[in-house]
Amino acid sequence: MACIGIDLGAAKTMVVGESGEIVRNELGGHSSASLVGFSGDERAVGEAAVATLSTNAKNTARIGERLAGNTALQAHRSGGAGFSAFYAGQEQNIADDALAASLLRSVGELARKTFKGVQATALVVPCSWGEAQIATLARGAAAGLEGGVEFVKADSCLRLAYEKRHATNLEKGETRVVAFVDVGRCSASCVVCSFAPGASTVLASEALSDKSFAGTAAIDALVYDHLLTKLPQGVAKPAPGSKKGTRLLNACERLRVLLSTMEVAKTTCENLGEERDVPLELSRKELEDVAAPALQGLAHLLERAKGGAGMVVD
């Protein structure tokens with residue numbers, strides 16, 4: 001029996017034991033996709049649902065993004081504010097707490113197999129989440145997890161983790177101030193903590209949801225709209241949430257990742273045209289210009305955190 005921690009992220013969900021051991025998914029990876037897919041009478045969860053993103057996007061729920069309140073990509077996803085899927089012979093509306101329960105039940109079972117049982121679970125929630133989001137996840141946890149469940153904000157997790165692993169070598173009278181910047185899929189946060197021998201405190205904790213152009217999802221949405229203006233002649237703009245639209249959105253993510261290591265990135269979006277693969281290209285300068293609203297939001301976040309902690313940075 002063990003106590004575990006679950007971080008249900010917008011893109012990936014990770015589970016760890018109290019010793020820090022990572023619970024591996026069914027394929028041996030360190031995390032599970034935050035996805036639930038439906039096909040016929042079958043339901044695929046986690047890594048099993050990854051393949052359905054390109055073949056059955058309409059019936060695949062990105063539950064991590066939905067819980068995060070992902071408005072940045074809503075125009076590029078199917079389903080709007082609610083989620084419906086053709087499942088068990090009929091079109092069904094499926095609530096977010098039910099989707100969360102499916103994912104938590106799946107990763108919880110992996111943890112039970114790893115540790116021969118789970119006594120209690122700590123669920124990490126982003127600093128930007130409000131009461132309604134936590135309540136939705138709580139209903140999912142009640143249906144999907146066994147044992148006691150406690151919700152912990154991410155800023156407290158960062159403070160405790162650093163205190164345990166990195167602040168043990170502080171000299172008497174020494175104080176160390178650390179800023180943790182986390183840019184996730186649908187949110188960004190900056191937590192400033194002070195550490196001294198035997199004590200630690202959160203000086204400032206600021207967070208943005210994607211409504212403020214925070215997170216990589218907002219950048220991908222901006223790149224998507226930019227690439228629509230660059231499609232070759234004869235290639236129609238894909239409908240939001242369609243298979244072609246999903247392929248283009250995935251290509252935007254690939255280009256963004258490639259540009260972290262090169263000045264110009266290239267990729268191919270398969271079947272974006274009628275039986276036609278479309279080459280796509282994006283420069284780092286283009287990305288900087290297109291992503292300016294997101295970068296401005298991040299800059300404001302860091303300024304607020306710096307001011308809240310009373311920091312002066314040269």
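Reply: The accessible surface of the protein comes to about 15600 Å², and carbon and sulfur atoms hold 52% of that area. Accessible areas come from the Shrake-Rupley method with a 1.4 Å probe, and for residues only the protein chains shown count as cover. The model is predicted, so local features need pLDDT of at least 70 and side-chain atom pairs count only at pLDDT 80 or more, while totals for chains, interfaces and linings use all residues. Residues are numbered from 1 along each chain as its sequence is written, and side-chain values use heavy atoms, with hydrogens and water left out.

Of the 314 residues, 45% are buried; buried means under 20% relative accessible area, exposed over 50%, and partly exposed in between (1.4 Å probe, protein chains only). The protein has nine helices and 15 strands, which are DSSP runs numbered from the N terminus (helices H or I, at least four residues; strands E, at least two).

Now the core itself. A nonpolar core is a set of buried Ala, Val, Leu, Ile, Met, Phe, Trp, Tyr and Cys residues joined through side-chain atoms within 4.5 Å. In soluble globular proteins, nonpolar side chains tend to be buried together. The largest core here has 35 residues, and Ile6, Phe38, Leu99, Leu104 and Leu137 touch the most other members. At least two residues of this core come from each of β1 (2-8), β4 (36-39), α2 (63-67), β7 (84-87), α3 (96-115), β9 (118-125) and α4 (131-144). Helix α3 gives the largest share, eight residues. Beyond its neighbours within four places in sequence, Leu99 is in contact (heavy atoms within 4.5 Å) with Val36, Phe38, Ala61, Ile63, Arg66, Phe83 and Ile94. Another core lies apart from the largest one and has 24 residues, including Val223, Val235, Leu282 and Val290.

Thr121 sits in strand β9 and counts as buried because its relative accessibility is 4%. Leaving out neighbours within four places in sequence, Thr121 is in contact with Ile4, Ile6, Leu145, Glu146, Gly148, Val149 and Glu150.

The loop between α3 and β9 holds Lys116. Lys116 is exposed because its relative accessible area is 68%, and its phi is positive, about 60°, although it is not a glycine. Most residues other than glycine have a negative phi.

For contrast, Val181, Val183 and Leu302 form a nonpolar patch on the surface with about 220 Å² of accessible area together. Patches are made of residues with over 30% relative accessible area and no salt bridge, with like charges joined within 9 Å and nonpolar side chains (Val, Leu, Ile, Met, Phe, Trp, Tyr) within 5 Å. A salt bridge is a side-chain nitrogen of Lys or Arg within 4 Å of a carboxyl oxygen of Asp or Glu. Val183 lies in strand β11 (residues 176-183) and is partly exposed, at a relative accessible area of 40%.
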